[in-house]
Amino acid sequence: MNKISNLPPEILNLPLEVRAEMAMRAAVEEVVEDHIRRGMPLHVWRGGKVVAIPAEELRKESELDLPK
């Protein structure tokens, strides 16, 4: 089944660039959660260099983002 047809109309009526950003944010969130679950570091670009963020640090930051 087509995933787009399952979306609510209010999402489908948003501009394409807004929907693209929403999809990208959801994908990144899924990757971060996967790295936390597996205990793997996440490699990111910071200050002109590639750095590894340990899963423990990712876990701490994601706990801060949880609604209280």
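Hi everyone, let's start with glutamate 57, which counts as partly exposed because its relative accessibility is 34%; buried means under 20% relative accessible area, exposed over 50%, and partly exposed in between, with a 1.4 Å probe and protein chains only. Glutamate 57 sits in helix α3; helices here are DSSP runs of H or I with at least four residues, strands are runs of E with at least two, and both are numbered from the N terminus.

Before going on, a word on the model. It is predicted, so local features need pLDDT of at least 70 and side-chain atom pairs count only at pLDDT 80 or more, while totals for chains, interfaces and linings use all residues. Residues are numbered from 1 along each chain as its sequence is written, and side-chain values use heavy atoms, leaving out hydrogens and water.

Now the overall picture. The protein has 3 helices and 2 strands, in the order α-α-β-β-α from the N terminus. Of its 68 residues, 10% are buried.

One of the buried ones is histidine 35, at a relative accessible area of 14%. Histidine 35 belongs to helix α2. Which residues does histidine 35 contact, leaving aside neighbours within four places in sequence? They are Met40, Pro41, Leu42, Ala55 and Leu58, where contact means heavy atoms within 4.5 Å.

The structure holds 3 of them. Glutamate 21 pairs with arginine 25 at 2.8 Å, N to O; these two are 4 residues apart in α2, about one turn of the helix. Arginine 25 is exposed, at 57% relative accessibility, while glutamate 21 is partly exposed at 43%.

Then we come to aspartate 34. Its side chain meets that of arginine 37 at 3.5 Å, N to O, and aspartate 34 also bridges to arginine 38, with the closest N and O atoms 3.0 Å apart. Aspartate 34 is partly exposed at 24%, whereas arginine 37 is exposed at 61% and arginine 38 is exposed at 59%.

Where does glutamate 57 come back in? Glu57 gathers with Glu29, Glu30, Glu33, Glu61 and Asp65 in a patch of negative charge on the surface. Helices α2 (16-38) and α3 (55-65) are the elements giving two or more residues to this negative patch. Patch residues have over 30% relative accessible area and no salt bridge, with like charges joined within 9 Å and nonpolar side chains (Val, Leu, Ile, Met, Phe, Trp, Tyr) within 5 Å. Thanks, everyone!

Key. Areas by Shrake-Rupley, 256 points an atom, 1.4 Å probe, with all protein chains shown as cover. Salt bridge = Lys/Arg side-chain N within 4 Å of Asp/Glu carboxyl O. Lys, Arg positive; Asp, Glu negative; His and termini not counted. Charge placed at Lys NZ, Arg CZ, Asp CG, Glu CD.
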